[in-house]
Amino acid sequence: NNHIGVPLTLLNITKETEMAVVETGANHPGEIAALCKIARPTYGLITNIGKAHLEGFGSFQGVVNTKNELYRAVKANGGTVFVNKDNPLLMQLSEGISRITYGTPPADVAGRPEKGGFFLSVLWQHPTDVRKVKTQLYGSYNFSNVMAALAVGTHFGIPATDMQQAIAGYVPRNNRSQRLETADNVLILDAYNANPESMSLAIDDFAARRFPQPVLILGDMFELGKAAAEEHQKIVDKLENAGFETVILAGKEFYKTRTNRPYQKFKTTEEVIRFLKTHPIKNAHILVKGSRGMQLEKIVDYL
């Protein structure tokens with residue numbers, strides 16, 4: 001679970017081969033190792049390692065150690081890992097393991113995000129030519145997810161055109177990177193989950209697009225333990241440094257942050273809904289992001 005964008009989605013991968021695909025997340029040490037003892041994986045892919053579930057892991061190093069349980073298991077089983085070449089930590093952890101890299105050149109499966117456009121398109125360096133892979137995904141941060149799918153599909157012999165069609169046909173409907181157009185606004189709904197890294201990336205991408213009337217509605221990032229106050233303050237500081245004026249913050253942690261701008265702060269999602277009923281937002285592009293526990297998708301009907 002990469003807390004941003006979409007889960008890695010592979011279509012028709014079992015067409016020629018008997019295979020079980022297991023997608024897992026963890027919030028405590030040892031959970032991935034326990035699953036690896038059951039599944040005995042011969043292939044593995046870690047999408048990223050961030051400051052998620054620090055309350056259960058104890059520290060960022062605890063997150064690293066737990067995620068690395070997958071790499072260690074695959075190595076022990078004589079298998080291969082798919083690694084984001086643009087992630088130095090993952091490249092370091094996967095040293096000494098048979099690996100296939102993906103990302104920007106010179107990765108084994110390489111490509112670059114195409115500039116412009118609301119939805120992400122990737123220029124994929126196919127062995128015979130450069131192919132455009134279109135998506136219905138918002139956010140440049142989904143580039144690594146698309147490249148991961150292309151790397152896995154390529155390795156298992158999925159025809160290039162099938163992969164392009166499968167990726168282009170995927171429409172997110174699970175509060176991940178969704179574009180919703182209401183009667184009044186355009187929403188980017190990425191409220192399935194959040195951690196400091198994914199929140200920061202979402203803000204960076206939103207800022208880079210320079211929408212004429214940008215609004216951010218952000219909810220607390222859960223399970224950060226002792227780091228919660230610091231990490232939420234960093235997000236608020238980032239918003240201020242980016243120059244955002246219209247921001248609504250929801251949750252007990254965001255409520256406690258210090259702000260130099262007139263940001264609206266509420267302790268609960270229900271309070272945000274009451275505010276929106278009397279202060280409607282119109283003609284805006286709105287980023288909605290927060291942890292699952294905030295259930296920010298509830299506010300869509302009021303936007």
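## Pairing of β3 and β4

Y102 has V109, a residue of β4, as its bridge partner. This comes from a predicted model. The two strands concerned are β3, residues 98-103, and β4, residues 109-113. They run in the parallel sense, and 2 bridges join them.

## The six-stranded sheet

β3 and β4 sit side by side in an open sheet of 6 strands, whose order is β1-β2-β3-β4-β5-β6. The pairing across this sheet is mixed. At its edges stand β1 (43-45) and β6 (130-138); each has a single partner strand, so one side of each is left without a neighbour in the sheet. On average, and with direction ignored, neighbouring strands are turned by 25° against each other.

D220 belongs to the loop that links β9 (214-219) and α8 (228-242). What does a buried acidic residue have around it when there is no salt bridge? For D220, the nearest side chain of opposite charge is that of K256, 7.7 Å away; a salt bridge would need a distance within 4 Å.

The side chain of D220 does reach backbone nitrogens. That of E253 is at 2.7 Å, and that of F254 lies 2.9 Å from a polar atom of the D220 side chain. Leaving aside neighbours within four places in sequence, the residues in contact with D220 also include H232, A250, G251 and K252, as well as G290, S291 and M294.

Terms used: Residues are numbered from 1 along each chain as its sequence is written. This is a predicted model: local features need pLDDT of at least 70, side-chain atom pairs count only at pLDDT 80 or more; totals for chains, interfaces and linings use all residues. Side-chain values use heavy atoms; hydrogens and water are left out. Two strands pair if DSSP finds at least two bridges between them. Helices (H or I, at least four residues) and strands (E, at least two) are DSSP runs, numbered from the N terminus. Axes are lines fitted to C-alpha atoms, for helices over the stretch in contact, and angles run from 0 to 180 degrees between N-to-C directions. Buried means under 20% relative accessible area, exposed over 50%, partly exposed in between (1.4 Å probe, protein chains only). Lys and Arg count as positive and Asp and Glu as negative; His and the chain ends are not counted. A polar contact is a pair of N or O atoms within 3.5 Å; within protein, one must be able to donate a hydrogen and the other to accept it, and residues adjacent in sequence count only if both atoms are side-chain atoms. Contact means heavy atoms within 4.5 Å.
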